[in-house]
Amino acid sequence: MKKIYTISALFLLLISCNSDGISKDEYALLNESVNEILKPYGMTHLSQDEMNEIAANNGIDLNQTMSEKDAKIIEDAIAMRRKFEFAISDSIESSSASSNVYRSLLELDSIVPAKENLKATTLDLTKIKFPENYEKVEKPSENGEFLGKITLSRPIIDKSGEKAIIYYQKCKNITGNDCMPRFIRFRKIHNEWVKRS
């Protein structure tokens, strides 16, 4: 009987661990980050003529307050029209709460890291939900609009599990040159990670 309990305990331990060492909360933050990094692009580079045409084709009145459903229709139409492409590194960089990169933002948000140092590891891209109508590519095609290459770092999560910060780089080209390092700050609301301003 004791063997059954031991085997059951080991089995539960094995299935509860992620083989890549990235927690469920980290993957949730990574998904929100990828969505945030890619999604706003289409709306910021849209001409008024394009917006009018898309709205007219979908029966959307631009003189009214736009619903979430209408905004999604317009976003999807832009993504299909522009054929957005992006690349993402399949490894996730390490994060250290004691580094100069993080220290001031952690203090600003009063984040006490649950883990001080998070090691680099391989990212399971099957657990990342990319925006619809955006294509992940190994190299840019000639008929799409390349948005850049994303490299993510491990999210630093507060001990409370309610706040987090993630560092990333978005490079204009596939080789990783001409990069913009940025942070995204999150707060958990109703068990969902939401970007903070």
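Visitor: F183 first. Buried or exposed, or in between?
Guide: F183 is partly exposed in this predicted model. Its relative accessible area is 27%.

Visitor: And Y102? Where does that stand on burial?
Guide: Y102 is buried, with a relative accessible area of 3%.

Visitor: How are the rings of Y102 and F183 arranged?
Guide: Their centres are 5.5 Å apart. The planes stand at 75 degrees, so the pair is edge-to-face.

Visitor: Which parts does that pair tie together?
Guide: Helix α6, residues 100-108, holds Y102, and strand β10 holds F183. The parts tied together are 81 residues apart in sequence.

Visitor: Which residues form the aromatic cluster?
Guide: Y102, Y167 and F183 form one cluster.

Visitor: How many aromatic pairs in the structure?
Guide: Five. One of them is F84 with Y134: centres 5.1 Å apart, planes at 45 degrees, so it counts as tilted. F84 sits in strand β1, and Y134 in the loop between β5 (121-122) and β6 (135-136). That pair ties together parts 50 residues apart in sequence.

Visitor: Are F84 and Y134 buried or exposed?
Guide: Both are buried: F84 has a relative accessible area of 1%, and Y134 has 9%.

Visitor: Switching to the core. Which residues touch the most other members of the largest one?
Guide: L30, L123 and L152, in a nonpolar core of 34 residues. Helix α2 gives the largest share, six residues. Other elements giving two or more include α4 (48-57), α5 (68-82) and β7 (145-152).

Visitor: What does L152 touch?
Guide: Leaving out residues up to four places away in sequence, its contacts include L30, V34, I37, L123 and I166.

Visitor: Now cysteines. How many disulfides, and which residues does it join?
Guide: One disulfide. It joins C171 to C179, S to S 2.0 Å. The link is right-handed, with 95 degrees about the S-S bond. C171 is buried at 4% relative accessible area, while C179 is partly exposed at 23%.

Visitor: Big picture: how many helices and strands?
Guide: Six helices and 11 strands. Of the 197 residues, 38% count as buried.

Notes: Residues numbered from 1 in each chain as written. Predicted model: local features only at pLDDT ≥ 70, side-chain atom pairs only at ≥ 80, totals over all residues. Heavy atoms only, no water. Disulfide = S-S within 2.5 Å. Buried < 20%, exposed > 50% of the residue type's maximum accessible area, 1.4 Å probe, protein only. Helix = DSSP H or I, 4+ residues; strand = E, 2+ residues; numbered from the N terminus. Core = buried A, V, L, I, M, F, W, Y, C linked by side-chain atoms within 4.5 Å. Contact = heavy atoms within 4.5 Å. Phe/Tyr/Trp six-rings, centres within 6.5 Å; stacked < 30°, edge-to-face > 60°.
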